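Good morning, and thank you for joining this group meeting. I would ask everyone to keep the sequence and the model in view while I speak.

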Amino acid sequence: MKQMEPRLEWLEDPEVFQVNRQKAHSDHLYFETLKEAKEEQDILLKQTLDGTWKFSYASNAEERQKEFYKEGYDCSSFCEIKVPGHIQMQGFGRMQYINTLYPWDGVERLRPPHISAKDNPVGQYITYFELNEKLRGKRVYLSFQGVETAFYVWINGTFLGYSEDSFTPSEFDVTGLLSEGVNKVAVEVYQRSSASWLEDQDFWRFSGIFREVYLYAVPDVHVRDLFVRTELAEDFKTAEIFADMALEGTGGSETVTAWLEDADGDSMARSWNVSADRSMSLKLEVQDIMLWSAEAPNLYTLYVEIQDEQGQTVEIVPQNIGFRRFELDNGIMKLNGKRIVFKGINRHEFDCLRGRAVTEEDMLWDIRFMKQHNINAVRTSHYPNQSLWYRLCDEYGIYLIDETNLESHGSWQKLGICEPSWNVPGNLPEWKNTVLDRAVSMFERDKNHPSVLIWSCGNESYAGETILRMSDYFRTKDPSRLVHYEGVFWNREFDRISDMESRMYAKAEEIEEYLKSDPLKPYISCEYMHAMGNSCGGMMKYTELEEKYEQYQGGFIWDYIDQGIYTEKNGKKGMLYGGDFSDRPSDYSFCGNGIVFADRTISPKAQEVKYLYQNIEITPNEKGCRIHNKNLFDCMEDYEFIYRLKQEDQIIAEGNFRKKCAPGETIQVEFPWGELPDGTCTKTVSAVLAKDKKWAEAGFETAFGQRVIEQIIPPAAGGKSLRITEGDGNIGVCTPDGMRILFGKERGLESLNIDGKEYMEDCPYPVFWRAATDNDKGCRYPQKHAMWLGASMYRQVTAFDYTISKDSKEIKLVYVCQLPVVPETKVKLTYTVMPPGILKVDVDYKGKIGLPEFPLIGMAFRLPKQCDTVRWFGMGPHENYTDRREGARMDIFEQKVKDNVSPYLVPQECGNRTGTQWAEITSGGKEGICFVCDKKRFEFKALPYSFMDLEAAAHQQDLPEPVSTYVTVMEQQLGVGGDDSWGAPVLAEYHLSAEEDHNFSFYIIKKGGQR
């Protein structure tokens, strides 16, 4: 080991990115016996150092404890910290979230590679250990799986080395430096170094030892590096396995044997007793293989055994392999000969309590969620993930774009404008080696994982010679995979870096324009559907391209999980975001882009993703259903299909069947639906798992299709006459079934009392506003349409009239409301009361040329808080909107009103339901009122907050204690959009024109009344 003294100057020198660090190598496991390998026990030659360490924090290098690493140093005054974990998440330093700009922008004027001398937090870690017996007498290494951003390390007072690159392992040889008694490891972590200019990702700017730390020993002869390559024959039935190995400790008399076993432990092929060498290759031929894919992640185990000259086993290496071929064929990406479509998502490693220090439990939850929601691909945005993630993706079946830890967004894009005058790495020679080192570290660690289909050169770093060199490296070392880089979009001079056309947030019509141009490269969206807050509207416009264009090969939603921090502020616990920690500069709530909330509860957006990504397309029809199998390899043998004909919640007919269907094939399956009764009916066919999978139990629904046969039957009027009382300022109406209604001549519907219980806490009013979504704010929708907020709050009744039928079986009351908009316009509200207890509401809006569109048109009702339960016949179960309703289905659903609030990081419009035929609002499912559609189904929402409550709150925990239930019945609401969250409007077909007339009506009856 090369010995030298540590120097602080390394922090600002891009050409010093490691000192004494071990060469990167594969992440294969190894064992001392075959039994251990077969039983998948922990590596016995590993000793974890995770746990509680002694810790000292300083705001810069000058203030640090300069001799803390020395033996005998008294660290009794140090605090304690958990490893793995972030410094900032444990109460030290400053939390900061920022997206594209560098964290010091506007605070200090810095240019690469310089860093602040005053603001560069330092974390000093100390731990003590005694070496486990099994590790003694062997070559021992100290491994850091992830440290952010740069660190120095000592053992027993001796300087070991220095390393950068936060997201790949840094390992040091400690052989000969360990004592038989207590040993001391000291680590000095700097939040910022020249590497910080390369790690400008859209995330919280943490630092510290946030991944596992451990010691490991290796046998006398050890496979230090292993690269397993498979080459498949054209029939995809036979293959050759090439195992390239780098050995250490060879004495020249050892032998190496390799053999392949299938999942049942049966031997498939064997290579006998090859003499060991420091660099060697083995070849095996195997027949009758099962291919690896996300649909069928068939894994085999290649065992490599090293024996000494007495024939005793020295080491066993079990390496999982998957037989698959990924290639670019005539402009199409193909897996095992079939065109692939990536139904993908971008995934930051994140947890609301631990930040990027995610656990195995987190990863298992994530991967099961993805499989259950038909997500087949992940881009590791924007850095290599923990090694375990790749093993799980191999095992469960997830395609990966493995992304190099490189993003220099703020060096070339300033507030959305491309300005690369001081871009790094660009063509600057001093940055070349450190950037290439990041590619090498990722490649060498992850090269044996079949789940990795594509190497990515990083994210949003413009383009230049250095990144071109990176792509050349990937292609030279590994022709079996493709190379991705979106940054060439900004600099076409380096278009050859990427094997595919990759764009961010291109609109569907822009993608289609590219696909129509007879391009040379296939297309993917490495980021699309910006899922910030209430979003993911219009996603179907992208997935529709799958069937239209072969070169459209999918995309990756941005992104998987909200980066919210769960903690206490101002005496309230809840999710916080950028800016909540006095962090400046900050990008505030822009970290809330997930289809999963930060605490790993599922957001309503996931409903749409699951449906649009499903691989079995089901279309119920008159004779049964049509099934289109969109899988590449799966014949649907593991699925059962369940069909139901329902009239509201009554099952009219049901059955099930199993059907084999070849990949890509469309078949018609016939079965009897039976006679349709009067009223709206639904035909639903579901594909469920016929047996347990690793990621879900038998009976889990993976896909569905539904057809609604609509027949709206309005409530029937009739019976005894109404009792009407005409007063000076009010008109009272009593119905035969116990409704007592009071209308104020100046205000409208003042009271709705049913069986002695009052339901109106305020007069209902026409409403045109919703609490702005993140996407609304991003495209400045509230600023452009704010008059409709005023119209919703300050309308005025300017005329009133009423008529009573001769038999007193109908009273019609008409209110004309003047709206404070320019040009002025009016809304006419007509209430019609009929026996036995029907209140009909008609809304007649008169459009005017020159009025901006409105977010919605409806009627707002304020009901008592005790009306806490909603039951409806309409689209659900989760919230849905006109541009995000593909994954919803028509049925009867029920939930508490409080559970209808979607906990987006910033409170906003939520809880909407489209296609509603009726909705009951009740006290615990007992007495209450019911809203019923007239000629067409309506949209509605029932929340414990008004739109003003939502608008005023910055966090969910800022919302007031509920005092009422707010119900809005709408003709329609604006879609939510999702192309991006910084300018893209909702697609035109999901807007609402205020220049046109709008007329809609609905009924109010008591719960249990005739619908």
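The side chains of Glu879 and Arg884 form a salt bridge, with 3.0 Å between N and O; by salt bridge I mean a side-chain nitrogen of Lys or Arg within 4 Å of a carboxyl oxygen of Asp or Glu. The model is predicted, and therefore local features need pLDDT of at least 70 and side-chain atom pairs count only at pLDDT 80 or more, while totals for chains, interfaces and linings use all residues. Residues are numbered from 1 along each chain as its sequence is written, and side-chain values use heavy atoms, with hydrogens and water left out.

Are the two partners buried or exposed? Glu879 counts as buried because its relative accessibility is 2%, and Arg884 is likewise buried, at 1%. The classes are these: buried is under 20% relative accessible area, exposed is over 50%, and partly exposed lies in between, using a 1.4 Å probe and protein chains only.

Let me turn to a second pair. Glu920 and Arg871 are joined by a salt bridge between their side chains, at 3.9 Å from N to O. This pair links distant parts of the chain, for Glu920 sits in strand β59 (residues 918–922) and Arg871 in strand β56 (residues 869–876), 49 residues apart. Helices (H or I, at least four residues) and strands (E, at least two) are DSSP runs, numbered from the N terminus. Glu920 is buried, because its relative accessible area is 4%. Arg871, at 22% relative accessibility, counts as partly exposed.

Some are joined into a network, which links Arg347, Asp351, Arg354, Asp362, Asp366 and Arg600.

Glu315 belongs to strand β22 (residues 313–321).

Glu315 does have polar partners. Its side chain is joined to that of His222 by a polar contact of 2.5 Å, and a polar atom of the Glu315 side chain lies 2.8 Å from the backbone nitrogen of Val223. A polar contact is a pair of N or O atoms within 3.5 Å; within protein, one must be able to donate a hydrogen and the other to accept it, and residues adjacent in sequence count only if both atoms are side-chain atoms. Leaving aside residues up to four places away in sequence, Glu315 touches several others, among them Tyr30, Phe31, Pro219 and Ile306. Contact here means heavy atoms within 4.5 Å.

Glu407 is a further case. This residue lies in the loop between β28 (399–403) and β29 (413–414). Glu407 is buried without a salt bridge, and the nearest side chain of opposite charge, Arg205, is 6.8 Å away. The side chains of Glu407 and His409 make a polar contact of 3.2 Å. Beyond four places in sequence, the residues touched by Glu407 include Trp197, Asp200, His382 and Ser461.

His382 leads me to the backbone. A cis peptide bond joins Ser381 and His382, with omega about -15°, and His382 is in the loop between β27 (377–379) and α3 (387–396). Another cis peptide bond, with omega about -5°, joins Arg584 and Pro585. Pro585 is found in the loop between β37 (572–576) and α9 (605–612).

Finally, which residues other than glycine have a positive phi? One of them is Asn336, with phi near 50°. Asn336 lies in the loop between β24 (332–335) and β25 (338–339) and counts as buried, because its relative accessibility is 5%. Another is Tyr462, with phi of about 60°. Tyr462 is placed in the loop between β31 (452–456) and α5 (465–477), and is buried, with a relative accessible area of 14%.

Methods:
Lys, Arg positive; Asp, Glu negative; His and termini not counted.
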